[in-house]
Amino acid sequence: MINYKLLTPGPLTTTETVKREMMVDHCTWDDDYKQITQWIRRKLLKLAGVDEREYTAVLMQGSGTFGVESVLTSAVGREDHLLIAANGAYGLRMAEIARQAGLSFSVYETNYDEIPDAGVIGRMLAENPRITHVAMVHSETTSGILNDIEAVSRAVKAAGRTMIVDAMSSFGGVEIPVGEWGIDFIISSANKCIQGVPGFSFIVCRREALEMCRGRAKSLSLDLYGQWKCMELDGKWRYTSPTHVVLAFAQAIRELEAEGGIAARHRRYAENNRLLICGLKELGFRPYVGEEHQGPIITTFFYPEGKNYDFQEMYGYIKERGYAIYPGKVTDAETFRVGNIGEIYPRDMEKLCGILADFLQEKGCLRE
Ligand SMILES: *Cc1c(COP(=O)(O)O)cnc(C)c1O
């Protein structure tokens, strides 16, 4: 087995100490275990910068999409209408969830290298009183663009509607004052910026908005309100919890705190991202997203313009030398992506740039 670091936006490279936590088989109804769940829930509220009296955290089995589906199908009632602002595959996935669940919804779509406009959303809300909920992705992992959830959340709050944010690839790596911005539901998962392993998602919910979900869910296992009611009692998950993942996640939170919290992690990610973009630009790669909207998590690059370029070949070359990068996901251009989150440091970015320089030289696809 070749061991390589993941330059992907999750699952990502975790520490040895996070992985080691999974060597224990823990009982689920045991008090110690339930206390770990409660501890995690309280820590998530701290990371979100919210007060326990106003907000609560719910953990949900499954990958991030399960968390998004849980929120959309639990919060949007039969009389409601959901507006989805989408500028990438994850925004469009929310529309797919809504369609599959038979929700009433509409989509405000922008180009993948442009951000949804808070002014436009504000006008849509003013003109369409039937819109009750707005959902948007924060860090669109499709391209790496960072959407302005502050402006959109404030506009939605001012209009008295419910705001749902998919902050999957940003929560823990970018400061998000959830309460101050007026976000009602914010979703992320164990295997992104908190640097745990895959297995569950979590949702920080405004209690008042969560109370409204009672009896609304269109799914049993993804019923956010039902999951909360059970977990709120004493920390017990409604159905079998991913015990090993939960233990690893608790360790990942301790390590996030030891690093200096979200501010420090954000600095490391931003520095990784800066070095990556500088280094690749020097080699002739052009980023897909403009500088003003580029997020610190993952970057999309156009294929180089020179001849003889083959992504699979480049991928294999890099992997043999210790790193796995990501294919592109935008639909309007030939691209690849490099993530810089996880147990990744500036020296990894420098090594990657060196490997890429060697590759381009060897294959003779450097631009003149
Ligand atoms: C990772 C991610 C998801 C969830 O994807 P899963 O494969 O279900 O974990 C959702 N939205 C965004 C923006 C993501 O980056």
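## Around the ligand

Let's start with the ligand's shell, which is made up of Ser63, Gly64, Thr65, Tyr90, Arg93, Val137, Ser139, Thr141, Asp166, Met168, Ser169 and Lys192. Keep in mind as you read that this is a predicted model. Sorted by class, the shell holds three nonpolar, six polar and three charged residues. Two helices, α3 (64-75) and α4 (89-100), each contribute at least two residues to the shell.

## Polar contacts and burial

Which side chains place a polar atom 2.5 Å from a ligand oxygen? Serine 63 does, with a polar side-chain atom 2.5 Å from an oxygen atom of the ligand. Threonine 65 does too, through an N or O atom of its side chain that lies 2.5 Å from a ligand oxygen. For lysine 192, the distance from a side-chain N or O atom to an oxygen atom of the ligand is 2.8 Å. On its own the ligand would expose 380 Å², and the protein buries 85% of that area.

## Charges over rings

## Aromatic pairs

How many aromatic pairs does the model contain? The count comes to 13, using a cut-off of 6.5 Å between ring centres. Ring pairs join Phe285, Phe301, Tyr303, Tyr309, Phe311, Tyr315 and Phe336 into a cluster.

Methods:
Residues are numbered from 1 along each chain as its sequence is written. This is a predicted model: local features need pLDDT of at least 70, side-chain atom pairs count only at pLDDT 80 or more; totals for chains, interfaces and linings use all residues. Side-chain values use heavy atoms; hydrogens and water are left out. Rings of Phe, Tyr and Trp (its six-membered ring) pair if their centres lie within 6.5 Å; planes under 30 degrees apart count as stacked, over 60 as edge-to-face and the rest as tilted. A residue is near a molecule or strand if one of its heavy atoms lies within 4 Å of it. A polar contact is a pair of N or O atoms within 3.5 Å; within protein, one must be able to donate a hydrogen and the other to accept it, and residues adjacent in sequence count only if both atoms are side-chain atoms. Accessible areas come from the Shrake-Rupley method with a 1.4 Å probe; for residues, only the protein chains shown count as cover. Helices (H or I, at least four residues) and strands (E, at least two) are DSSP runs, numbered from the N terminus. Ala, Val, Leu, Ile, Met, Phe, Trp, Tyr, Cys and Pro count as nonpolar, Asp, Glu, Lys and Arg as charged, and the others, Gly among them, as polar.
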